[in-house]
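Me: I would like to learn how one reads a protein structure feature by feature. Could you take me through this one slowly, starting from a single helix and working outward?

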Amino acid sequence: MRFAERLNLEHPVVQAGMGGGVAGGALAGAVSAAGGLGTVGIMGPDAFLGALHEARRLAPGRPVAANLLVPFVRSAHVAACAEARADVVVLHGGAAPALVRALHAAGLFVLDTVGTVAEARRALADGADGLVVQGLEAGGHLVGVQDTPGALAAVRAAIGDEVPVLAAGGVADAVVVQRLLDLGADAAAAGTRFLLTAESGAHPAYRDRVLGAKRTLDTLLFSTGWPMRHRVVPNAATDRWCATDERGPAWLRAVTARTGPVGRALPIAHLERFLGVQRPGLPVFTPALPLVGMDAAVVDRAALYAGESALRMTGVVSAADAVAALTP
Ligand SMILES: Cc1cc2nc3c(=O)[nH]c(=O)nc-3n(C[C@H](O)[C@H](O)[C@H](O)COP(=O)(O)O)c2cc1C
């Protein structure tokens, strides 16, 4: 049975998981209620469970997904997915065969995010039930190394037609969604489009920067605690440290490359506390992002994750309107 049919989706539109509070219960619930698939992003386990319940309450009888960033997962996150009976759990951030086994043991359906054919084969060998193929254009943390249509076509050709595959990266409108469906995607996942909705937890000043952006950067600047490529729009921190190399200074990359164990040891809910000490001029940048309620000045010292699709966005809309705009 195809993915959309299995989940009883009205539209082949998925709101990608966005962690740290951007994609909470209000956003995921609104997307699912509008006939797409809403996804609650990772946060501390109690808040995560609460957000999953909120999404269920807002979208009764509709499917709801949960997103787990592999380096930050605790057993309580798995328990939350099970308790809320998430219809899909999307993993991102690396190989996790033991996590896939734990999610399967809880009866959950698991997709893993990949950027290449080699990663697709690895994810399926890890036991994933399906894939999210992420292209280079995507916002946030990147496994994508090739444009979304190219990566999707390559993965589909390698793994055949049976495995459920979503495509993420550059999903700005219904024309892009249709193109990805034509290339074999079961549905298209968008992050930036849903970041720019009334229901997202992103700080309004962050959304303004995304709307005003003229370019994006594929960087490693905000890697303290999680050294993985990520796509952002510019701010004072990237202006200061990425002027000659968008990845950030080589010496800083060498330092942050060693900080993964520190990030994994910390509960994810603690990450945002570091934003209080981050400064554009001080090269210690964590992956935490600006949320509603924070001091607006944080937009110049925190990661402003967004994809290339940001350059095509013209305003903040409701989540339901975003689903409608992406539906072919
Ligand atoms: C603000 C933001 C936060 C993100 N956080 C996560 C995350 O926590 N987990 C994840 O799997 N992907 C995350 N992503 C990546 C998305 O899953 C998706 O691959 C990406 O948004 C697709 O590109 P688009 O932004 O052009 O639609 C994030 C993306 C953005 C823009």
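**Reading a helix, a core and a ligand site**

Reply: The buried residues of helix H2 are covered by several elements, including strand S1 (13–15), strand S2 (38–40), H3, S3, H9 and helix H14 (319–326). Please keep in mind as we go on that this is a predicted model.

Me: Which residues of H2 are buried?

Reply: Gly 25, Leu 27, Ala 28, Gly 29, Ala 30, Val 31 and Ser 32 are the buried ones, and since H2 has nine residues and seven of them are buried, the helix is mostly covered. Just after H2 comes Gly 35, whose phi is positive, at about 100°.

Me: What does Gly 25 touch, leaving out residues up to four places away in sequence?

Reply: Gly 25, which is found in helix H2, touches Ala 51, Glu 54, Ala 55 and Leu 58. Its relative accessible area is 3%, and because buried means under 20%, Gly 25 counts as buried.

Me: What is the idea behind a nonpolar core?

Reply: In soluble globular proteins, nonpolar side chains tend to be buried together. Here the largest nonpolar core has 97 residues, and those touching the most other members are Phe 48, Leu 68, Leu 91, Leu 103, Phe 194 and Tyr 206. Helix H3 (residues 45–58) gives the most to this core, with five residues. Domain 1 (3–201 + 314–326) and domain 2 (204–309) both contribute residues, so the core lies between them. Apart from it there is another core, of 16 residues, among them Phe 3, Leu 9, Ala 16 and Val 88.

Me: With which residues is Leu 68 in contact, leaving aside its neighbours within four places in sequence?

Reply: Leu 68 is in contact with Ile 42, Phe 48, Val 73, His 77, Cys 81, Val 89, Val 90, Leu 91, His 92 and Leu 103.

Me: How many residues of each domain are in contact with the other domain?

Reply: There are 37 residues of domain 1 in contact with 30 residues of domain 2, while the centres of the two domains, taken over C-alpha atoms, are separated by 22 Å. His 203 is placed in the loop between H9 and helix H10 (204–212), and at 9% relative accessibility His 203 counts as buried. A polar atom of the His 203 side chain lies 2.9 Å from the backbone nitrogen of Ala 205.

Me: Where should I look to understand the ligand, and which residues are closest to it?

Reply: Begin with the shell, in which 22 residues surround the ligand, the closest being Gly 19, Asn 67, Gly 191, Thr 192 and Ser 309. Strand S3 (64–69) and helix H9 (192–195) each supply at least two residues of this shell. Then look at the polar atoms: a nitrogen atom of the ligand is 3.3 Å from a polar backbone atom of Gly 17, and an oxygen atom of the ligand is 2.6 Å from a polar side-chain atom of Thr 192. Taken alone, the ligand exposes 590 Å², and the protein buries 95% of that.

Key: Residues are numbered from 1 along each chain as its sequence is written. This is a predicted model: local features need pLDDT of at least 70, side-chain atom pairs count only at pLDDT 80 or more; totals for chains, interfaces and linings use all residues. Side-chain values use heavy atoms; hydrogens and water are left out. A nonpolar core is a set of buried Ala, Val, Leu, Ile, Met, Phe, Trp, Tyr and Cys residues joined through side-chain atoms within 4.5 Å. Buried means under 20% relative accessible area, exposed over 50%, partly exposed in between (1.4 Å probe, protein chains only). Helices (H or I, at least four residues) and strands (E, at least two) are DSSP runs, numbered from the N terminus. Domain bounds come from an automatic or database domain assignment. Contact means heavy atoms within 4.5 Å. A residue is near a molecule or strand if one of its heavy atoms lies within 4 Å of it. A polar contact is a pair of N or O atoms within 3.5 Å; within protein, one must be able to donate a hydrogen and the other to accept it, and residues adjacent in sequence count only if both atoms are side-chain atoms. Accessible areas come from the Shrake-Rupley method with a 1.4 Å probe; for residues, only the protein chains shown count as cover.
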